[in-house]
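Please look over the sequence and the structure shown here, and then read on.

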Amino acid sequence: MAKTTEYHKQLGEKISKIREELGLSQKKVAQTIDIPQSMLSKFETQGEKLPADKINEMLDLMGYELDVVEKKKSAEKLPFRMAALCCLPASPRGRGWSFS
């Protein structure tokens, strides 16, 4: 089983919300990107990892793209790196998504 991270859990939840708002079923999306529906379900509900190309295919299907921004150590010399994620609509007419 693939390791789950908070990042993947949030990403799965966000993509699930987008899919539902567009009226797309898990079955149809899974068939379109050629993965088992159970794999998509685990990604959306449990944050199990999916290959990056499948995530990109899924977002493209829904008219979105993935944008990952990573904050490097600041002048305060933080002992860790922080990452932010947002799913951006591929067109200006789409809905914007972001969270911190």
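## Helix packing

The model discussed here is predicted. In this model, α1 and α3 pack with their axes 6 Å apart and at an angle of about 110°. Angles from 65 to 115 degrees count as roughly perpendicular, so α1 is roughly perpendicular to α3.

On the side of α1, the contact is made by His 8, Lys 9, Leu 11, Gly 12, Glu 13, Ile 15, Ser 16 and Arg 19, while α3 contributes Phe 43, Glu 44 and Thr 45. Sorted by class, the contact of α1 with α3 has 3 nonpolar, 4 polar and 4 charged residues.

## Salt bridges around Arg 19

How many salt bridges does a search of the whole structure find? The search finds 3. In one of them, Arg 19 is paired with Glu 44, and the closest N and O atoms are 2.8 Å apart. Because Arg 19 lies in helix α1 and Glu 44 in helix α3, this pair ties together parts that are 25 residues apart in sequence. Arg 19 is buried, with a relative accessibility of 6%, and Glu 44 is buried as well, with a relative accessible area of 4%.

Arg 19 also meets the side chain of Glu 20 in a salt bridge, at 3.8 Å from N to O. Glu 20 is exposed, since its relative accessible area is 52% and the cut-off for exposed is over 50%.

When neighbours within four places in sequence are left aside, Lys 54 is in contact with Ile 33, Asp 34 and Ile 35. For Glu 57, the C-alpha atom is separated by 6.4 Å from that of Ile 33, although the two residues are 24 residues apart along the chain.

## The nonpolar core

Which residues have the most contacts inside the largest nonpolar core? They are Ile 15, Leu 40, Phe 43, Ile 55 and Met 58, and the core as a whole has 15 residues. The elements that give two or more residues to this core are α1 (6-21), α2 (26-33), α3 (37-46) and α4.

Leu 40, one of the residues named for this core, is in contact with Gln 26, Val 29, Ala 30, Ile 35 and Met 58, once its neighbours within four places in sequence are left aside. Among these contacts, Met 58 is likewise one of the residues with the most contacts inside the core. Two others from that group, Ile 15 and Phe 43, also take part in the contact of α1 with α3.

Technical notes:
Residues are numbered from 1 along each chain as its sequence is written. This is a predicted model: local features need pLDDT of at least 70, side-chain atom pairs count only at pLDDT 80 or more; totals for chains, interfaces and linings use all residues. Side-chain values use heavy atoms; hydrogens and water are left out. Contact means heavy atoms within 4.5 Å. A nonpolar core is a set of buried Ala, Val, Leu, Ile, Met, Phe, Trp, Tyr and Cys residues joined through side-chain atoms within 4.5 Å. Buried means under 20% relative accessible area, exposed over 50%, partly exposed in between (1.4 Å probe, protein chains only). Helices (H or I, at least four residues) and strands (E, at least two) are DSSP runs, numbered from the N terminus. A salt bridge is a side-chain nitrogen of Lys or Arg within 4 Å of a carboxyl oxygen of Asp or Glu. Axes are lines fitted to C-alpha atoms, for helices over the stretch in contact, and angles run from 0 to 180 degrees between N-to-C directions. Angles under 35 degrees count as roughly parallel, over 145 as roughly antiparallel, 65 to 115 as roughly perpendicular and the rest as oblique. Ala, Val, Leu, Ile, Met, Phe, Trp, Tyr, Cys and Pro count as nonpolar, Asp, Glu, Lys and Arg as charged, and the others, Gly among them, as polar.
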